[in-house]
Each structure stands twice: as C-alpha cells, then as structure tokens.
Amino acid sequence: MSEVKKIATRESYGNALAKFGAEYPDLVVLDADLANATKTGTFKKAFPDRFFDCGIAESNMTGIGAGLATCGKIPFISSFAMFAAGRNYEQVRNSIGYPKLNVKIGATHAGITVGEDGASHQCLEDIALMRTIPGMTVIVPADDTEVFAAVKAAIEHQGPVYLRFSRAATPVIYDPADLKFEIGKGITVKDGSDISIIATGVEVSYALEAAERLAGDGVKARVIDMHTIKPLDEELVLKCAAETGKIFTVEEASVLGGLGSAVAETVAEKNPVPVHRIGVYDTFGESGPWNELMKKYKLDADGVYEQIKAKL
Amino acid sequence: MTNQELQKTANEVRKGIVTAVHAAKSGHPGGSLSAADIFTYLFFEEMNIDPKDPKKADRDRFVLSKGHTAPGLYSTLAERGYFPKKDLETLRHTGSYLQGHPDMKHIPGVDMSSGSLGQGLSAAVGMALAAKIDKKSYRTYCLCGDGEIQEGQIWEAAMFAGAKKLDNLCVIVDNNNLQIDGPIDEVNSPYPIDKKFEAFNFHVININGNDMEEIRKAFDEAKATKGMPTAIVAKTLKGKGVSFMENQVGWHGKAPNDDEYATAMSDLEKAGAAL
C-alpha cells in the first residue's frame, strides 16, 4: 500500500469546488475563518468574487446560505463538522432543512482524525444529527475520486446536502474512469459471501485492508462503500443481509445514530441478521496524532480486522 | 396611497390579526398589532411585489425574523390579495397552510420560513448579498423584535451586513418594549438599540413605528442611504388598536375569548370609522 496516492478528502473538496466553479456560475462558497483548513481557500483563489468569509460566526453563515439559496444560488457553507453540524444543528434544521433550501454543507475535520486538537474539535455526532433532519442528504466520501463525484452530485441535487470530509490523508481507491457514483447507491468494492463489511468515509480503505487479511484466514468478506448514509441504500443492505448474513458496519463516528444505526434499523425491521457496529463507543475523543488515535480506538485496518475476528 | 388610506388598511390588517388568533385559539396578537402599520406600509407602499406573481424574480424580499407575529404578516398578505382573507380563520389549524410560524414552502408571499428567533436576519443578509452578486436592484427588508435582538446571531448578521456595506438591506426593529417575561429592559436590556446598530456600521433612524408619515420618511431615507445598511428602530405600542391588549405583556401570546374578540373588533370598527 506504500505507493498508493494519499490525499485528505478536505483537500479534494477544495479542489472539487474550484473545478466545478467554472461549470456552475451559481455556485458560491462561504466559510467561517477556516478557509485554509477546510480548503475552500482553493475556490477563493479561483473565484474570489463568489467566495465570502463570514468570520467566526457559523450560525450567521448558515442563515446567509439559506438566504442565498432562496435567490437561486447554490451555496456551499464550510466549517469543521463540530461547528457546521454541531454548533449549527438548529440553524441547519430550521433555516435550511425545514424550508428544504438548496444549501450544501461542506463539513471538514470530522471524527478523531482531527488528531491533536482533541475532543472539543472531534465531531463524532454529526452523521447522527444530520440524518434526523427530514429531507437532508448525508454523504461521506471515501477518497479523492469520490469527493469530486459527490460534490458534483451535490451540486446537481436539488435540496440540502451534508458532506463529511476528513483532515487525514487517505488512500485513493477509485479510478475516476471506473467510479459510478450515484447518491443513495452504495458501491460494492470487494465481493464476498461470508460476511459484509459496510463502511463509510476514511474507513472504506481500512475495511478493504481488513478484508484482505480476513481472506488470508479463509473468510470471504464483502466490502461496501456506503458513501450515502441518507437516503440509505436499503436494497443493498438487505441484499447483504440475505446473501452474507452477518454484517459489520465501520465508521469514524459515534456508533449512536450513525451508519451502524442506520444499517441496524433497516436490518432489524426487514431481515434481522447479526449487525456489529464498529465506530466510537459513546465517548469523546482526545489529543494525539491521528494515526495513533485510529489505532487506539481500533479504527485502523488492524483494529477493524481484530474487531471483526472477535465477532466471527 | 395616502397616509389615511394606509391607516385604514392597517386597521383592516389589525381586524384580520385578532380574527385569525381568535379562530386559532392561540397565537401572538401583541407583536402583530404593534407592527401592523409597518407591515401595511411595506406591502402596500414600499415594496416592489405582485400578489399575482409572488415569486417574480426582481421582487423586493421580506423576512419576518420575529416569526411568531405570523398573524400580522398573514393578515397583511391576505389584505394585499395573496390569498383569501377567509383563510385567516384556518390559522394554526391541522392541515391549514397557514402554519403557526411562517412557512415559505406553502404560503404565497412568504420569502423565508422563520420562527426560531435570531435566524431571519441572516437569511435576509443572504438575500441582499445575492442581489449584490447578481447586480440586481431589489431590496431586502427584515422585521426583528426588540426581544429577539437578544439573540447573538442577530449581531453576527448585523456585523456582516455592516462590514459588507449591504445598502440594499433594511432592518426594522419593532421596539414595543415587551417580551414574554416582561419589559425588555427588565428581562435583559438590549438598549440602546440605535447605538448598537450604529456601532455595527448601520445608518440608524429612530421613529414612532405607529405613525404612517414617520414610517414613510424612514423608508425613503433608507432607500436613499448608500454604502451602509439601514436600521429603523420603530418605537411601537404592543397590542396597538385593541384597548385591553395595549402595552399588556400578557397579550404577547394569548388568544381573545369570544367576548374579548367582540370588544377587540368593536374597538377596531370605531377606530376605522374615525379615520
């Protein structure tokens, strides 16, 4: 894996905005004093007239996004997930969700891969919060290629979208020529018949690594990239339940209300099979280099592999 | 329209407010009545709007940031011809499009859903910003409550509007001096309101918000003001026009019973006849 190209999905996000800015003249980007970190600064360089820094005032940025959308703009509002979804939950619900406005929320620095900044900045609850808002689409891209596809899909989609990006550099797993991305349609990245590993975001590449090691143990694991948490690809989840039985979900987020919950809800109601949720268990994060934290919280390839082995 | 015609219209708007709240058996008459003259001036005189084409692209925008005074907005929209006045009696009823707080998805003439206090001004700033981006001439008006401006987000929005010199934005503060828990200066004083907006780089106009001529002059001055947004601090009387509701904190969010409704309508009939 050492020669695999790695890039943080936040980096890809900024590049994607800059790329699509020319194609979509109504695209405008707002940030809250984090343009260098969220990488919206890349868009700012390319389209300074369509970039607005709201300063450290995320709630106001959210409302401005809503107002711009009522006038036909396609605003992307960006901050760290902690503030975009956490601090802003009620603004997103009432100013964007309730009127179903065409605002895209680009949330970077999600999860414990924030690293050294620690728990105050490591949002683990954003997936859970955002998926409770009626009409909200929730997307967690797995790599650079998928970010470009997801950002384009979000622009084309009429309605609010929450996009979750990571600070950490993650392997590029898709070739742009091969990726067929559709909102609400999970991607089978590795086929298998014994178990299904349904992963999202940065965990997809770790799930693939874990699946390779499981193969060495004689376990044929199917790996799904569930890039859209909402609307969930229930058809694919139920296909996994029917064909492999046991399902493992993997997310760099709280297991309360996130991908694991969404999958478990679907399976419990429509075809009960064992579901094991791998993620952060009802705790805050902490400071440390992100790869050390991923090891400590058993969310890197070793951790995912071990957690699956323990429940086989 | 002449000031007298506007006053008569505002009186009709007030009748619609008490009728709607009476029919709903709940709602917010006090702050709807205090702002009735401002609502009327905006929708009958000031704004470039067309009830036959509520979404026309170059229309002026209005955001009711103090969304709980939806009865005031709805009654004005009905009086202006956006929908039948009879529908006001369905306010807050199950299945009615006239939701308890403004719902832009279902109510003609409502440019932004609101109700959670402090959020409407940000949306209005977004609308004003969109006009600037597109070099369009439409203006955006936002009505805030004087209690509402205790919300921090109002000042985030004001800071942005002032910094970006959004001279196509006009904020009106309905300064009726009462909020649910009592007089605003006893609860948590936002005074001096004018000085605060000045500090955020607004042009500020203090007026009697129940005086049509002062309202007219203020909006004319706002339109003529370039390079900065305008805030009109409108001193008003909460419950204005209904004798037993005037300046009574208890009528912030309460519906009149049948007897009280009769008295209210009688008050307004007399006021209308005197105009």
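Biologist: Which residues of α3(B) are buried?

Modeller: This is a predicted model. A residue is taken as buried if 20 or more other C-beta atoms lie within 10 Å of its own. The buried residues are B:A36, B:D37, B:I38, B:F39, B:T40, B:Y41, B:L42, B:F43 and B:E46.

Biologist: Which helix gives the most to the side of chain A that touches chain B?

Modeller: The contact between the chains joins 22 residues of chain A to 20 residues of chain B. On the side of chain A, α4 (58-70) and α6 (89-97) each supply at least two residues. That side divides into ten nonpolar, nine polar and three charged residues. The greatest contribution, nine residues, comes from α4(A).

Biologist: Within chain A, how far apart do the C-alpha centres of domain 1 and domain 2 lie?

Modeller: Chain A is divided into domain 1, residues 6-171, and domain 2, residues 187-311. Their contact takes 27 residues from domain 1 of chain A and 29 residues from domain 2 of chain A. The C-alpha centres of the two domains are separated by 24 Å.

Biologist: By class, how many residues on the side of domain 1 of chain A that touches domain 2 of chain A are nonpolar, polar and charged?

Modeller: Several elements of chain A each supply at least two residues of this side, namely α7 (126-131), β6 (137-139), α8 (144-156) and β8 (169-171). By class, the residues on this side of domain 1 of chain A are 14 nonpolar, eight polar and five charged.

How values were computed. Residues are numbered from 1 along each chain as its sequence is written. Chains are lettered from A and ligands numbered from 1 in the order in which they are written. This is a predicted model: local features need pLDDT of at least 70, side-chain atom pairs count only at pLDDT 80 or more; totals for chains, interfaces and linings use all residues. Domain bounds come from an automatic or database domain assignment. Two residues are in contact if their C-beta atoms, placed from the backbone, lie within 7 Å. Helices (H or I, at least four residues) and strands (E, at least two) are DSSP runs, numbered from the N terminus. Ala, Val, Leu, Ile, Met, Phe, Trp, Tyr, Cys and Pro count as nonpolar, Asp, Glu, Lys and Arg as charged, and the others, Gly among them, as polar. A residue is buried if 20 or more other C-beta atoms lie within 10 Å of its own, exposed if 12 or fewer, and partly exposed in between; C-beta atoms are placed from the backbone.
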